[in-house]
Amino acid sequence: MKKILGTSLLIFGMVVFGQTKEDSVQFSKISTEILNHGKGYEELRDLTKNIGHRLSGSKAYDQSVKWAEQKLREAGADKVWLQEVMIPVWERGQESLHIKTADGKWKSLKMLSLGNSEGTGGKDVWGEIIMVKSMEEYEKLPAEKVKDKIVFFNYPFSQSFVETFRGYGDAAKYRVNAASLTAKKGGKFAIIRSLSSAFDDVPHTGAMRYEDKIPKVPAAAIGNTTADELETLLKKQKVTAKLNSNCGMKGEKLSYSVIGEITGRKDNSVIVVGGHLDSWDVGEGAHDDGAGIVQSIEVLRTFKKLGIQNNHTIRVICFANEENGLKGGLQYGKSVKDKNEKHLFAIESDAGGFAPRGIAMEMDDAKRNQIKSWAKLFFPYGVYNFEGIYSGADISPLQQMGIPTAELVPDSQRYFDIHHTEEDTFEKVNRRELLLGATAMTQLIYMIDKNW
């Protein structure tokens with residue numbers, strides 16, 4: 001009797017949380033299909049090698065819109081359409097940074113202007129460098145010490161955090177705020193140590209922002225090796241820096257997010273899976289976020305290829321303008337509100353194409369616990385971490401509406417070595433790791449479609 005009761009309770013528990021032997025079999029079918037026949041890796045090669053980096057507003061981004069539209073149709077989407085988005089246009093142009101030391105010679109430094117930074121209008125702007133190691137140190141400086149100087153924010157990416165996104169979050173305020181902090185005290189421009197976990201000399205770009213009513217001075221990033229060398233010099237002598245940059249904002253432009261879906265057979269409630277189609281204007285945008293785009297398309301393709309009859313509409317969104325405006329995500333959120341369109345769930349892949357390790361979630365405890373109850377199904381595929389409480393930037397407007405959201409969590413140890421750099425190329429992506437990420441996303445969408 002006890003044995004019968006125990007078995008009954010086990011079966012009841014599995015049914016309650018939607019986990020059955022059939023699901024384990026379906027997980028295996030999904031994995032087998034994607035690892036053997038997945039298109040994502042070759043599609044990523046096509047996107048990165050034939051189009052390349054895809055900054056919002058560029059001709060390359062326009063090409064990528066047509067590319068994504070075609071790939072969604074090839075994957076089997078019932079409907080494919082473009083969603084209009086007004087996006088900011090920022091251009092880099094020619095740029096250079098030099099320093100002059102006691103010997104009177106100018107030395108060129110490898111650098112990148114930060115995204116959305118204003119430049120110097122093609123003119124040389126120079127001044128003495130002052131170095132600070134933290135926000136607290138800078139705040140203690142009187143304005144007269146900063147006026148007409150170049151401020152070097154030499155704050156390193158912390159190696160102490162095992163979760164590298166915590167190190168990134170810790171250092172990001174320097175990239176975002178350095179220019180306005182410098183301008184408030186009369187400085188000419190800002191230099192930051194790149195947000196990089198690597199011990200190399202590769203500069204990292206990324207978005208910064210200006211405060212209202214504060215002068216817009218330039219901001220540039222240098223790699224870790226250059227930052228260390230500059231720190232050593234500054235401890236010995238005065239150093240002058242000279243910046244010449246043609247970057248700046250060029251107004252707005254009509255652009256597009258690309259959307260494709262397979263219609264639900266029971267109702268039209270929407271499950272979203274997506275990534276952002278744009279990238280910075282260096283490298284090839286492979287991990288950030290070409291990987292998320294091809295993984296999302298792979299979800300749709302696999303449902304069609306395996307003949308999985310989805311109950312709800314599964315919608316793939318290739319978001320526009322995540323990197324320097326988030327306009328694609330904001331516009332999509334607005335359209336959901338305007339149409340009063342019911343959404344069950346949304347997941348984004350925007351943390352690289354490395355091996356998947358978990359799913360981070362922003363949702364109520366009941367739904368979080370339900371997904372966590374499926375953990376044993378995911379363990380054989382290396383996915384075990386369901387503790388994160390966050391989700392993708394593009395789907396944050398949906399999260400703010402109370403829609404459950406999530407993000408694929410890949411192994412992040414190498415991500416910030418190449419993030420927003422010339423090093424983010426197709427060659428840095430491993431086929432199996434990329435496709436395992438697509439596998440985990442497809443498995444999760446299958447479970448949610450079946451049980452919600």
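Which residue does Arg 92 meet in a salt bridge at 3.2 Å, N to O? The partner is Glu 95, and the contact is made between the two side chains. A salt bridge here is a side-chain nitrogen of Lys or Arg within 4 Å of a carboxyl oxygen of Asp or Glu. The model is predicted, with local features needing pLDDT of at least 70 and side-chain atom pairs counted only at pLDDT 80 or more, while totals for chains, interfaces and linings use all residues. Residues are numbered from 1 along each chain as its sequence is written, and side-chain values use heavy atoms, with hydrogens and water left out.

Arg 92 also forms a salt bridge with Asp 281, and there the closest N and O atoms are 2.8 Å apart. This second pair links distant parts of the chain, 189 residues apart: Arg 92 is in the loop between β1 (79–91) and β2 (95–100), and Asp 281 is in the loop between β11 (270–276) and α9. Helices (H or I, at least four residues) and strands (E, at least two) are DSSP runs, numbered from the N terminus. Arg 92 counts as buried at 9% relative accessibility, and Asp 281 is buried with a relative accessible area of 15%. Glu 95 is partly exposed, at 21%. The cut-offs are under 20% relative accessible area for buried, over 50% for exposed, and in between for partly exposed (1.4 Å probe, protein chains only).

The structure holds 29 salt bridges. One of them joins Arg 301 to Glu 33, with the closest N and O atoms 3.1 Å apart. Arg 301 lies in helix α9 (residues 286–306) and Glu 33 in helix α2 (residues 21–37), so this pair ties together parts that are 268 residues apart in sequence. Arg 301 counts as buried at 9% relative accessibility, and Glu 33 counts as buried at 7%. Both residues belong to a network of salt bridges that also takes in Glu 298 and Lys 305.

Helix α9 is also the place of Asp 289. A cis peptide bond joins Asp 288 and Asp 289, with omega about 0°. Asp 288 in turn is among the residues that line the largest cavity, together with Ser 279, Trp 280, Val 282, Gly 285, Glu 323, His 420, Thr 421 and Asp 424. About 50 Å³ of space lies in this cavity. Its lining divides into two nonpolar, four polar and three charged residues. For these classes, Ala, Val, Leu, Ile, Met, Phe, Trp, Tyr, Cys and Pro count as nonpolar, Asp, Glu, Lys and Arg as charged, and the others, Gly among them, as polar.

Cavities and pockets are found on a 1 Å grid over the protein atoms alone: a cavity is a set of points where a 1.4 Å probe fits but cannot get out, a pocket is an open set with protein on both sides within 12 Å along at least five of seven lines, and lining residues have an atom within 4 Å of a point. Grid points are joined across faces, edges and corners, and a volume is the space filled by probe spheres set on the points.

His 420, in the lining of the largest cavity, has a positive phi of about 60° although it is not a glycine. His 420 is found in the loop between α14 and α15 (431–451), and at 7% relative accessibility it counts as buried. Asn 116 likewise is not a glycine and has a positive phi, of about 80°. Asn 116 lies in the loop between β4 (111–113) and β5 (125–132).

The structure holds two cavities of 30 Å³ or more.

The largest pocket has a volume of about 1300 Å³. Of the 44 residues that line this pocket, the closest to its centre are Phe 165, Tyr 168, Asp 350, Glu 407 and Phe 416. Helix α7 supplies the largest share of the lining, eight residues. By class the lining has 20 nonpolar, 13 polar and 11 charged residues. Domain 1 (27–86 + 252–451) and domain 2 (94–249) both give residues to the lining, so the pocket lies between them; the domain bounds come from an automatic or database domain assignment.
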